[in-house]
Amino acid sequence: MASRTQSRPVGTVTRGTTNPNRLRRMDRWIAAAHGRRLRRADDAVAVDLGYGAAPWTAVELLQRLRTVAPHARVVGIEIEPARVEAAKPYEREGLHFRHGGFEIPLPERPVLIRAANVLRQYDEDQVAAVWERLCARLAPPAPASGFAGGLLVEGTCDEIGRRHVWVALDTSGPRTVTFATRLGSLDRPSDLAERLPKVLIHRNVPGEPVHAFLRDFDRAWAAAAPYASYGARQRWIRAVRDLTADWPVLDGISRWRQGEVTVGWEALAPRTSS
């Protein structure tokens, strides 16, 4: 692994496109599903990796994490120096910006690394190495204090955050995949396929688990059509409830109501070589 003090960051410059509230679904899920992890950390440092040409997502991440962990801190890391300089005026207590990349140039190990819309430009066969590198920088578990260790959340969303799919990983590897959407914009669950993270987006083909999952989700959605008279939320809840018969859905109705569903990684992991 390269030194954290190296002068040249690891990675390539992204397009940098961003919008306020683009990552709100991911942020709210992190706060709800992993707020305890942040609260139990001695130093709850979170990284917004590749925040883009404007610092909105890092500013918002701090606000949302502090609803569940008042001592949380956020560091925005960008590989493009000009973007770091542009973000500096937004620094305040608990929020700072640093030049860097996948090496995560911090003296401490973060409790959270969020990398949204960063790996889309990379080849699929590069993803595992990036995941491994980032997970190696996460804070290790501390069983004596009940701290479960750091978390990497990596995924993709559309430009205004209506549709989003992300993978959550800890120091042992990938754990879950979450599908999240603004239900009013959804025609069918497989619409989310276009926002699959790089590790899965080319696997939405027959014979791959993610393809089977989205196929079954569409069937459950169609079967739940009578619930549409009560609103898209009730239809989604019914469809997800039906999915639990065949798929390891790990969350419950409080998250389904938000237009989310989280599935165990092992059920969706790619089967065939790329």
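# Notebook: sheet, helices and cores

**Entry 1. The sheet.** I began with the strands and found an open sheet of eight, in the order β3-β2-β1-β4-β5-β6-β7-β8, with mixed pairing. The edge strands are β3 (95–99) and β8, each of which pairs on one side only. From one strand to the next, the twist averages 20°. I note that the model is a predicted one. As background to the pairing, strands of a sheet pair through backbone hydrogen bonds, either parallel or antiparallel.

**Entry 2. Pairing around β1.** I then looked up the two partners of β1. Strands β1 (residues 45–49) and β4 (residues 112–116) run parallel and are joined by three bridges. Within this pairing, I recorded Ile113 of β4 as the bridge partner of Val47. Strands β1 and β2 also run parallel, with five bridges between them. Here Asp48 stands opposite Gly76 in β2.

**Entry 3. Strand β2 and Gly76.** How much of β2 is covered? Strand β2 (residues 73–78) is mostly covered, with five of its six residues buried. I took Gly76, which is placed in strand β2, for a closer look. Gly76 counts as buried because its relative accessibility is 0%, under the 20% limit. Which residues does Gly76 touch, not counting residues up to four places away in sequence? I listed Asp48, Tyr51, His96, Phe97 and Arg98 as the residues that Gly76 touches on that basis. I also checked Gly76 against Thr57: the two are 19 residues apart in sequence, and their C-alpha atoms are 8.8 Å apart in space.

**Entry 4. Helix α6.** I turned to helix α6 (residues 209–223), which has 15 residues. From its first C-alpha to its last, α6 reaches 21 Å, close to the 21 Å expected at 1.5 Å a residue. Which residues of α6 are buried? I recorded Pro209, Val210, Ala212, Phe213, Leu214, Asp216, Phe217, Asp218, Ala220 and Trp221 as buried. The elements against which the buried residues of α6 pack are β7 (173–181), α5 (198–201), α7 (232–243), β8 (260–264) and α9 (265–268).

**Entry 5. The nonpolar cores.** I looked up the largest nonpolar core and found 54 residues in it. The residues with the most contacts inside this core are Leu49, Trp131, Phe179, Phe213 and Trp236. Helix α6 gives the most to this core, with seven residues. A second, separate core has 34 residues, among them Ala44, Leu61, Ala139 and Leu151. In general terms, nonpolar side chains tend to be buried together in soluble globular proteins.

**Entry 6. Phe213.** I followed Phe213, which lies in helix α6. Is Phe213 buried or exposed? Phe213 is buried, since its relative accessible area is 0%. Leaving aside neighbours within four places in sequence, Phe213 is in contact with Phe179, Leu243, Trp247, Val263 and Leu268. I compared its position with that of Leu49: Phe213 and Leu49 are 164 residues apart in sequence and 29 Å apart in space, C-alpha to C-alpha. Both residues are named among those with the most contacts inside the largest nonpolar core.

**Entry 7. Cysteines.** I searched the whole structure for disulfides and found zero. Cys135 is buried because its relative accessible area is 9%, under the 20% limit. Cys157 counts as buried as well, with a relative accessibility of 1%.

**Entry 8. Positive phi values.** Asn21 has a phi near 65°, a positive value in a residue other than glycine. Asn21 lies in the segment before α1. I recorded Asn21 as partly exposed because its relative accessible area is 32%, which falls between the limits of 20% and 50%. Asn117 is not a glycine either, and its phi is positive at about 60°. Where does Asn117 lie? Asn117 lies in the loop between β4 and α4 (127–135).

Conventions:
Residues are numbered from 1 along each chain as its sequence is written. This is a predicted model: local features need pLDDT of at least 70, side-chain atom pairs count only at pLDDT 80 or more; totals for chains, interfaces and linings use all residues. Side-chain values use heavy atoms; hydrogens and water are left out. Helices (H or I, at least four residues) and strands (E, at least two) are DSSP runs, numbered from the N terminus. The expected span of a helix is 1.5 Å times one less than its number of residues. Buried means under 20% relative accessible area, exposed over 50%, partly exposed in between (1.4 Å probe, protein chains only). Contact means heavy atoms within 4.5 Å. Two strands pair if DSSP finds at least two bridges between them. Axes are lines fitted to C-alpha atoms, for helices over the stretch in contact, and angles run from 0 to 180 degrees between N-to-C directions. A disulfide is a pair of cysteine sulfur atoms within 2.5 Å. A nonpolar core is a set of buried Ala, Val, Leu, Ile, Met, Phe, Trp, Tyr and Cys residues joined through side-chain atoms within 4.5 Å.
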